[in-house]
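Hi everyone, thanks for making time. Let me put the model on the screen, and then we can walk through its cavities and its interface together.

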Amino acid sequence: MMSWLPENISAHGGEIDFLFTFIYYITSVTFFLVAACMVAFLILYRQKPGVQATYTHGNKTIEIIWTVIPAIILIVILFLSQASWAKLKVNPPTNPDVRLEVIGKQFNWIVIYPGPDGKFGTKDDVRLDNQVNIPINKMVLISMRAEDVIHSFFIPNARVKQDIVPGRLTQVWFKPIKTGKYEIPCAELCGTGHSGMKGELIVHSEESYTAFLTKLYAKKSS
Amino acid sequence: MSDSATATVGHDHHEASFISTYVFSTDHKMIAKQFFWFALVMMILGGGLALMFRWQLAWPETSVWGFGWLSDENEFMPTGIIGPDIYNMMITMHATIMVFFVIMPMFSGAFSNFLIPLMIGARDMAFPFLNMLSFWVAALAGVIMLAGFFVEGGHAAAGWTAYAPLSIKEEFTGVGAGQTLWALSIFVLTISGLMGSVNYITTVINMRTKGMTWFRMPTTVWALFVVAILSLLALPILGAAGVLLIFDRVFETAFFDPQKGGQPLLWQHLFWYFGHPEVYILILPAMGVTSDILSVFSRKPIFGYRAMVYAIIAIAFIGWAVWGHHMFQSGMNPRLGQAFMTTTMLIAIPSAIKTFNWLGTLWKGSIQFTVPMLHALAFVSMFVIGGLSGIFMASNTVDIFIHDTYFIVAHIHYVLFGGSIFGLFAGVTFWFPKMFGRMMNDSLGRVHFWITFIGFNIIFFPMHILGIGGHMRRIYNPMQYDFLKDFEPFNVAITLGALMLGMGQIIFAMNIFGSLWKLNFNWFRTAARVVSSYLSAFIAYKFVAFYLEGLTNPTPASFGGRMFAGIIGLAVFVWIYRYLSKKMGEIGETAPQNPWKANTLEWVAPVIPPHGNFGPTLPVVHRGPYEYSLPGEEDDWAPQTKPLSEEAASASH
């Protein structure tokens with residue numbers, strides 16, 4: 001089943017995929033154990049003439065065992081998740097290589113490039129609709145705002161998702177490790193055009209990224 | 001206790017008119033039946049909406065089967081095609097209706113009303129008039145909700161979660177009065193729920209019959225009691241949030257409007273602070289019902305009765321501290337995500353205890369595969385899948401990827417359909433004889449069960465795969481995305497499954513009405529047989545065709561494959577038809593006093609309990625509800641009213 005995951009293109013994606021697979025195996029084993037017990041009991045203990053059910057109200061020891069074992073497994077999953085969560089969502093990179101801004105509005109992603117001065121909010125900023133261009137192997141930090149309603153910035157291949165709330169700044173960061181073109185759908189119902197609200201993530205090689213920026217900023221200044 | 005008991009008995013002397021018996025009745029059993037029919041009718045609507053939007057997902061932007069005749073000027077569906085705004089309305093209303101107008105009225109309305117007084121040995125509810133009011137207020141909420149379909153701009157289309165700011169301004173969705181009516185209806189419904197829960201809590205605390213101690217109560221009553229407490233505390237939050245939403249929409253206040261300094265996340269906090277306890281309001285009664293039914297048909301006490309009760313209470317408690325797991329990616333402070341994951345993991349533990357105790361109940365039992373038991377077993381197995389898929393969502397890190405994908409759709413349906421609805425079917429088939437004095441037909445019930453069970457899994461299991469593929473929920477047309485193109489065959493399979501499941505409920509309806517009115521005419525029996533056999537054959541045909549050609553093969557099945565599948569389908573048709581011809585027996589047999597040989601008090605009451613339930617004296621309880629197969633007793637069951645022999649008394653401890 002896990003082979004259905006879209007191809008991972010970000011450095012941290014492996015951590016999410018690992019946890020996903022880890023939980024997948026634990027839950028599969030649990031399910032098959034429970035299902036096997038259930039089917040076995042249904043066959044073994046089906047009503048038979050002359051055989052009475054065993055009168056019992058339970059067994060303290062076994063009840064404690066099946067309380068403690070799931071608890072331990074859940075604690076393990078909890079701790080495994082927290083390390084990744086802190087890295088992926090709590091502590092943004094202090095010195096990202098690339099900074100971008102995204103504004104979500106019905107039904108587009110407006111992507112803002114800082115321009116040659118590297119600062120946002122200046123005259124040389126460049127806006128592109130629905131196109132996020134980034135270089136490979138560089139940490140990218142995207143700051144996001146919404147103009148109207150809540151949207152959710154989702155890049156399946158990069159294992160990135162973050163709601164964008166009007167009146168609030170949210171951020172995502174990731175490091176792409178593969179070049180190519182990928183889709184950026186909106187994952188939070190945002191109105192009639194929600195379906196089909198999508199942008200394009202283009203991961204460039206180093207050279208092609210420089211070329212892209214040069215062209216983009218040249219167009220702006222001319 | 002005894003005062004109100006005599007008071008209600010006194011009512012019997014009045015000549016009851018049609019209106020006071022069937023419309024404005026204060027009898028808890030009649031009110032239960034009113035809720036029951038209310039929920040079933042709403043279920044048809046909610047299910048119908050689901051079938052419609054499933055069509056759009058399988059065959060995007062084509063005429064829905066049976067609606068092709070609509071003109072291209074039709075307001076809702078030009079030429080039978082569902083547009084994106086109508087699609088959003090349909091998904092919103094499907095969830096709203098199923099959650100608020102089917103499962104809630106069924107459990108917190110019908111089951112609570114019918115079972116609590118009968119199972120604790122009371123003559124009626126503590127406040128019969130309030131009880132009547134509770135139903136009619138719910139009916140009013142239903143009318144307001146339905147009215148929303150007919151107003152300009154259509155009904156609410158912001159999702160059943162109605163996230164602000166999408167839900168607070170007409171310009172964002174094009175929906176005007178519909179969304180306001182939605183919020184108003186929800187507000188009115190919470191008032192009905194409050195009246196109900198005050199009643200249930202008071203009744204359980206004050207009106208238990210002599211000997212019915214807390215730990216002699218059946219788990220069903222425990223669950224319904226705890227749910228009443230949850231409702232009492234949770235519903236005001238939803239009601240308040242609904243009112244704030246109306247204020248924002250109508251009086252242009254700024255609770256949730258960021259442009260005026262409001263806070264969109266406030267809505268989410270309010271909604272989910274209610275919403276998570278709500279999930280338990282929907283599932284706990286099904287757990288209680290299942291525990292009772294498993295015990296009855298295993299002829300064995302519940303394994304770890306006290307642990308089961310404590311688990312219900314623990315779930316209800318911890319359920320207040322987990323709402324943030326719906327908001328991991330919402331933009332709230334991510335550090336809270338860690339806290340909410342911890343509490344969420346905590347709540348998985350009592351759920352695990354319950355599952356293992358159900359298995360323990362089956363262990364060394366003497367299992368009878370009756371229709372209610374089949375549904376209860378389906379509940380357990382489907383709840384296991386739903387619970388386990390919940391662990392994926394509970395991990396905040398994994399949730400980054402699967403949040404708002406079909407994985408959550410699969411999860412919620414495994415819990416609320418595989419859980420609550422199977423619990424509901426189990427309860428309805430189990431207590432139908434008590435409610436209407438007739439047995440439901442056994443063989444029709446079996447066919448209905450298998451079609452529902454198989455159809456359910458065809459629909460919702462593949463949704464896990466869609467979720468893993470990143471398929472977003474609530475999208476109108478998955479074919480707009482390149483990375484979802486490979487998943488189209490799954491969407492087609494799911495829609496076919498939905499069609500089967502939906503049509504399978506026709507058998508359920510035929511069984512209910514057939515049994516209720518003793519429809520033993522030849523035409524009805526033949527119709528029931530043909531419908532059941534045809535549906536089973538259809539499922540078999542589709543199954544085999546998929547197996548032969550592969551689920552993900554985009555080309556249609558070859559002629560040879562279809563022939564082979566057709567032969568199998570035909571064989572299934574003949575098989576089911578013959579099975580029903582042989583086994584159907586009489587439809588609507590008169591129910592005996594205690595058809596399942598169950599211990600709880602409702603089966604001590606007359607077959608159709610009169611107003612006041614128990615005749616001149618109330619039953620006295622001498623033992624717990626699950627004393628099945630007690631050594632030293634002649635039968636493998638004994639009603640709670642039967643005094644323990646000395647021998648048995650020593651064995652039971």
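Which residues line the second largest cavity? Before I answer, some housekeeping: this is a predicted model, where local features need pLDDT of at least 70 and side-chain atom pairs count only at pLDDT 80 or more, while totals for chains, interfaces and linings use all residues. Residues are numbered from 1 along each chain as its sequence is written, chains are lettered from A and ligands numbered from 1 in the order in which they are written, and side-chain values use heavy atoms, leaving out hydrogens and water.

Now the answer. The lining consists of A:His12, A:Leu88, A:Lys89, A:Arg159, A:Val160, A:Lys161, A:Gln171, A:Val172, A:Trp173 and, from the other chain, B:Ile400. Here a cavity is a set of points on a 1 Å grid over the protein atoms alone where a 1.4 Å probe fits but cannot get out, and lining residues have an atom within 4 Å of a point. Helix 2 (60-90), strand 7 (160-164) and strand 8 (170-174) of chain A each give two or more residues to this lining; helices (H or I, at least four residues) and strands (E, at least two) are DSSP runs, numbered from the N terminus. Strand 8 of chain A gives the most, with 3 residues. The space inside is about 80 Å³, a volume being the space filled by probe spheres set on the points, which are joined across faces, edges and corners.

How many cavities of 30 Å³ or more are there? The count is 4. The largest cavity holds about 180 Å³, and of its 20 lining residues, B:Met104, B:Ser108, B:Gly109, B:Ser192 and B:Gly193 are the closest to its centre.

Let's turn to the interface. In contact terms (heavy atoms within 4.5 Å), 102 residues of chain B meet 80 residues of chain A.

Finally, the count between the chains is 1 salt bridge, meaning a side-chain nitrogen of Lys or Arg within 4 Å of a carboxyl oxygen of Asp or Glu. B:Arg474 pairs with A:Glu188 there, the closest N and O atoms being 4.0 Å apart.

How values were computed
1 Å grid on protein atoms, 1.4 Å probe; cavity = no way out; pocket = protein on both sides within 12 Å on 5 of 7 lines; lining within 4 Å.
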